[in-house]
Amino acid sequence: MTQRIHPIDVILHKRDGLALTDAEIRAFVLAIVKRTPRRQLVTDAQIAAFLMAVFLRGLDARELATLTEAMRFSGEVAYTEALNTFAIDKHSTGGVGDKTSLLIAPILAAAGLAHPTSEGVPGIVVPMISGRSLGHTGGTLDKLETIPGFNTQLPFPEMRDILKQCGAALIGQTPKIVPADRILYALRDHTGTVESPFLITASIMSKKLAESLNALVLDVKVGSGAFMPTYEKSKLLAELMVETGEASGTRTVALLTTMDEPLGRFSGNWVEVWECVDIMKQHRHPMSRDLIELSNILSGWALYLADHAISPEDGAVLSDEYLRSGEAYKAWLKIINAQGGDTSLFEDPAAHHKPAATRTLTAPTSGYLAAMDCKRAGWAVQRLGAGRAKPGAPVSAHAGIEMHAKLGDKLEANQPLVTLFSEDASLLDEPEAMLRETLQIAPTLPKLQPLIREVITKTNLPQ
Ligand code: URA
């Protein structure tokens, strides 16, 4: 006879520093998703205690893999393997102006469409489940939803149809996908247990692995705009995610990338779609150079993992060719059309940008743009209306900023530094003050970090 596992015993074991058994972890996660108001298999207080025990004691690699798998299968999974092709995705831990998903999905879709399988399915598919803006960072779904008609709420069978036709689909999480994470995440927010690298890994990887991927490229941010406060903590998170992805049979690579300033030209919602459309239509604004570089590097890794390139570097060159040839733009139009979006706006994306108020900050002195607190710049973007004041609130399509200089650029006094956009003129003052305070100009060229700091793969994980 099997013995029933009681939530209190799981909590006590973790509290006392013991490794949990796989059965204990699975039983705990099952209790979380199977409970009803009348049948409290586990109470909120017990879940909170479990989270704090994990926060303080951590998890070993086996426990983390089991927790992630239990969460992944707590709801619906994509079953992308039914398409008999190579499924891959990219995930970022969140940044400011980080719109690489809007370029990488069509680049990889273009590669997949150019090399179909013998069954006529794109040779690569990207079943991308994206999130909304969180804290100081923007959200891919909020950006995409500025395209009139674009539907991000697609069930998995419909997503698979779009993958077959277009090579990529860009959807949002539904209550049926990884429900365990929704419950755990909400409680983490109230119990001071968000910043655990173990809980973040299980949360992110359970959702990514629910896409049924062959490979995953992770962009783990480091620097003043990253969620993780130190380089070491970002690196630990990257290592845990790579280890967990590989343990589930998904080739996983993490790039530690610098987030010391907004990525690209614009940060906001529609303005970020506009910037990507411009790039795909060969209008390469000089301020978009870091965005293009990072997108090509991340796509390059994806093309390499999918066996479409002989090295990540070769993949990056190939990625840029898909952008320059217009193939990525064709794939983008196909994806947006298939998900109900109005593509006519892309003919002149600048004309669709309709903020009610704009204000430009200029350099107070000449010198070099030397430093900024990128998180503070991200909060300024959110307070212009691009983010949510509270969960569920709408975001403004036309709020955001345009950077006119990158870190290390030489500036003359009174040269434009940043333009602020809002749909409500009364929202401009606070973000203006935040940006004015954080953008530092110095007489000498600052020391800048490279865009890519380190690459973590299964071969260089600590033993
Ligand atoms: N994003 C997630 O999905 N989960 C976390 O825990 C943190 C960031």
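I began with a definition: a residue is called buried when its relative accessible area is under 20%, exposed when over 50%, and partly exposed in between, using a 1.4 Å probe and protein chains only. I then looked up the protein chain and noted that, of its 463 residues, 57% count as buried.

Before going on, I wrote down that this is a predicted model, in which local features need pLDDT of at least 70 and side-chain atom pairs count only at pLDDT 80 or more, while totals for chains, interfaces and linings use all residues. Residues are numbered from 1 along each chain as its sequence is written, and side-chain values use heavy atoms, with hydrogens and water left out.

Next I turned to the overall form. I found 16 helices and 13 strands in the protein chain, where helices (H or I, at least four residues) and strands (E, at least two) are DSSP runs numbered from the N terminus. The C-alpha trace spans about 75 × 55 × 45 Å along its principal axes.

I also looked up contacts, meaning heavy atoms within 4.5 Å. Among those in the protein chain between residues at least 6 apart in sequence, 78% join residues at least 24 apart.

Phe28 is buried, because its relative accessible area is 3%. Setting aside neighbours within four places in sequence, I listed the contacts of Phe28 as Pro7, Val10, Ile11, Val42, Gln46, Ile47 and Phe50. I noted too that Phe28 and Leu41 are 13 residues apart in sequence and 9.1 Å apart in space, C-alpha to C-alpha.
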